[in-house]
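Me: I have a model open and would like to learn how to read it. Please take the features one at a time, with the general idea before the case.

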Amino acid sequence: MNKQDKSKIQTQVLSLRALSSQYIEVIIKITNKNQFDFKAGQYLNLLVSNKEYPFSIATNPIDFHKDSKIHLHIKTSNEIRHKKNNEILEHLENNVNKDIYITGPYGKAYLRESSQNVDKPILLIAGGGGYSPINGILKYLIEIKSPIK
């Protein structure tokens with residue numbers, strides 16, 4: 001399925017909280033979790049003012065299927081290159097307990113099934129906001145009690 005085929009999925013903004021001085025965790029809840037099936041490491045697009053903005057999913061799929069919640073880690077700062085993120089965070093903050101829409105999932109940077117039960121080490125490297133998809137992958141591996149070292 002390509003991006004044009006993805007339909008809008010209704011979600012609700014549950015909360016925003018600071019993870020650090022530069023990252024905000026946004027938690028959204030998918031209204032119908034059967035509409036959204038993702039792999040650890042993928043991303044989604046938030047729809048804000050009829051535009052799509054990509055954010056990596058920091059949630060592991062098993063946790064999502066328990067509570068329908070998606071965690072996003074969004075960078076904020078005074079730097080001009082993060083101005084749009086700050087605007088998106090303001091929009092989300094103004095819409096807590098209200099509906100917003102997403103599309104997705106997207107991306108091919110996820111853990112392949114063929115790699116999940118291999119008794120070989122795996123190296124996960126991330127920095128800054130790149131930690132979000134790795135967080136989902138790592139939590140997924142822990143949840144399934146993978147033999148990966």
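Me: Leaving aside its neighbours within four places in sequence, which residues is Asn85 in contact with?

Reply: A word on the source: this is a predicted model, in which local features need pLDDT of at least 70 and side-chain atom pairs count only at pLDDT 80 or more, while totals for chains, interfaces and linings use all residues. Residues are numbered from 1 along each chain as its sequence is written, and side-chain values use heavy atoms, with hydrogens and water left out. Contact means heavy atoms within 4.5 Å. With neighbours within four places in sequence set aside, Asn85 touches Phe55, Ile74 and Lys75.

Me: Where is Asn85 found, and is Asn85 buried or exposed?

Reply: Helices (H or I, at least four residues) and strands (E, at least two) are DSSP runs, numbered from the N terminus. Buried means under 20% relative accessible area, exposed over 50%, and partly exposed in between, with a 1.4 Å probe and protein chains only. Asn85 belongs to helix α2 and is buried, at a relative accessible area of 16%. Across the protein, buried residues make up 41% of the 149 residues.

Me: How many helices and strands does the protein have?

Reply: There are 4 helices and 6 strands. Along the sequence they follow the pattern β-β-β-β-α-β-α-β-α-α.

Me: In what order do the 6 strands form the sheet?

Reply: Strands of a sheet pair through backbone hydrogen bonds, either parallel or antiparallel. Two strands count as paired if DSSP finds at least two bridges between them. Here 6 strands form an open sheet, with antiparallel pairing, in the order β4-β3-β6-β1-β2-β5. β4 and β5 stand at the edges with a single partner strand each, so one side of each has no neighbour in the sheet. On average, neighbouring strands are turned by 40 degrees against each other, direction ignored. Such angles are taken between axes, which are lines fitted to C-alpha atoms (for helices over the stretch in contact); they run from 0 to 180 degrees between N-to-C directions.

Me: Over how many bridges does β1 pair with β2, and over how many with β6?

Reply: β1 and β2 pair over 7 bridges in the antiparallel sense, and they form a hairpin with 4 residues between them. In that pair, Gln12 stands opposite Lys29 in β2. β1 and β6 pair over 4 bridges, also in the antiparallel sense. There, Thr11 faces Ile100 in β6, and Ile9 faces Ile102 in β6.

Me: Which strands does α2 lie across?

Reply: α2 lies across β1, β2, β3, β4, β5 and β6, and runs at about 140 degrees to β5.

Me: Which residues have the most contacts inside the largest nonpolar core?

Reply: In soluble globular proteins, nonpolar side chains tend to be buried together. A nonpolar core is a set of buried Ala, Val, Leu, Ile, Met, Phe, Trp, Tyr and Cys residues joined through side-chain atoms within 4.5 Å. The largest one here has 23 residues, and Phe36, Leu44, Leu46 and Ile70 have the most contacts inside it. At least two of its residues come from each of β1 (9–18), β2 (23–30), β3 (43–48), β4 (51–56), β5 (69–75), α2 (83–93) and β6 (99–106). β2 gives the most, with 4 residues. A second, separate core has 5 residues, including Leu111, Ile137, Tyr140 and Leu141. Beyond its neighbours within four places in sequence, Leu46 has several contacts, among them Phe55, Leu72, Ile88 and Ile102.

Me: Which residues does a cis peptide bond join, and what is phi of Asn50?

Reply: Most residues other than glycine have a negative phi, and most peptide bonds are trans. A cis peptide bond joins Gly104 and Pro105, with omega about 0 degrees; Pro105 sits in strand β6. Phi of Asn50 is near 65 degrees, a positive value in a residue other than glycine. Asn50 lies in the loop between β3 and β4 and is exposed, with a relative accessible area of 81%. Ser68, not a glycine, has a positive phi of about 65 degrees. Ser68 is in the loop between α1 (61–67) and β5, and counts as buried at 11% relative accessibility.
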